[in-house]
Amino acid sequence: MVNDWASIEPSPDLQWTPCFDNFTCARLQVPLDYGDPSRGTTAIAFIKLAATNVTQNTQNLLINQGSPGGPGVALVLQGGPSLAQALGGQHNIVGFDPRRVGQSGPVVDCWPNHPEKRAQFGKLFYPEVSHASSTALDTQYYAAEIFGTACTENAGGPNGNASFVSTPAVAHDLFTYINAEQNYGTVLGATFASLYPDHVGKMVLDGVVDAADYYDLGWRTNLYDVDKALDSFSEYCFQGGATNCSFWGPSVQNITNRLNGLLAKLKYHPVPIPSSEACDIPLMATHSDLKEYTLGALYAPLSGFPVLADVLSGLERGNTSTYVTAVTDGFLPANPCNNESGKNGTTDVNTLIKCVDGYAGQKFENLTDYRNYVDTLTSQSLFFGEVWPNNANGILCRSFEAKPPKSGRLPGSIMETRQTSFPILFVTAETDPVAPKRGAYKMSSVFPGSVVLTQASVGHTAIASLSSCYLKNVQMYLNGQLPAANTTCPPDVLPFQGSASFSFGR
């Protein structure tokens, strides 16, 4: 039994080793460049939770968290047992860390051995959303130069490892895994299906982004439903009542008005917080941080909305304790209480994957381009248009130089029609704040025979509010039966009206 990834020897075939009590682990050795193996190799970490109820339909379910740059090993370690139980224990749950994420290589670090430099960059780029002040947008644009310069020097250029972390390269890693095993975020799934349509078994893609926009480095199609998701906070709070929602008011409009009033007040009158139990350094409760946190709460409303209500009600009463705990608990792009944040390079690679995948896409040539981009987002969402640039991070690619090798690029357009060997099941929440359901229908149009399953819930991915109907349809699909076209599942639990029986990921 091992609990240390370093002790697991990489191998070109999958050598599974018992690990972390009930799991098995492997490190798959793959070439950095599938087109030129002489450039060296790296290792991809896999973890498996074996089925407890083996049947003739038992399969490996390979989980990808998306983002890009989401660690699948940690996700399965944390949520794999819950997912296995929800699916009746009939499937092996497999997670993996994509290139340079978590326990996988290669090393990609824009500030090697200098976490304080990364922290300082975070203080320059992230503190304000784009319209928080008259200089915020300009500051973001020029601060992006710091990121591009550092990353090009230490991770980019013709010889840097960043060139090898593209999504097509990760899709090729999954193809290598499938061949080794003999048995797969939604952009990765669509990329795999585009590159290897004849090897698609059962594929469920939940929370579907517009892959064409992604590869064009656009990040311009994410916010169409985010204001509707925010409106649902006030609606669910009102429906939940004063006992369940600490920010309750006598009407939906009252709740909305008070939320907007708090934000307006913080924009010009931030609240000083000398110290707290959650963070022993001085902070300010700001308009920008509260907006960032509010967006994070929309990802998983069952857990996020009650905490958001506590944050808002606390601020309304002049109590900042819940606010500090919330905004320093991993929901902000840069954690002001942790200067070591991202020291292993994961923070960098989340952005660099986007930059490398979008190497041929739109770049911000000047400040006017960036201002027009923010205006486009604001036209989609008056509330969050100024927040998304800090999250999508396309601006950080403007001066970064790296180009994936030919083996790490798509041979054509991601939107070229592909007939997969088995139809894909696309899944969407009715109101997804950052992956609107139009993305699911757009990507489904690329793969004939695929089906879109909708869950009538709010949140990023339907699994964030998993229902028995969702599970029933997924289990049927894994057994070879597609749901009827345009099936809609009701949620089992609503925000402020009960707790979820299942939790998987954020």
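Tutor: Two strands pair if DSSP finds at least two bridges between them. Helices (H or I, at least four residues) and strands (E, at least two) are DSSP runs, numbered from the N terminus. This is a predicted model, in which local features need pLDDT of at least 70, side-chain atom pairs count only at pLDDT 80 or more, and totals for chains, interfaces and linings use all residues. Residues are numbered from 1 along each chain as its sequence is written, and side-chain values use heavy atoms, with hydrogens and water left out.

Student: How many bridges join β10 to strand β11?

Tutor: There are 2 bridges between β10 and β11 (residues 488-489), and these strands run parallel. Q455 stands opposite C489 in β11. Strand β9 (residues 425-431) is also parallel to β10, joined by 6 bridges; here A429 faces Q455 in β10.

Student: Which handedness has the crossover from β9 through helix α15 to β10?

Tutor: A crossover is right-handed if, with the strands pointing away from the viewer, the path from the first strand over the helix to the second runs clockwise. The β-α-β crossover through α15 (residues 437-444) is right-handed, whereas β10, helix α16 (residues 468-478) and β11 form a left-handed unit.

Student: Is strand β10 mostly covered or uncovered?

Tutor: Buried means under 20% relative accessible area, exposed over 50%, and partly exposed in between (1.4 Å probe, protein chains only). In β10 (residues 451-458), 7 of the 8 residues are buried, so defined. Of the 506 residues of the chain, 57% count as buried.
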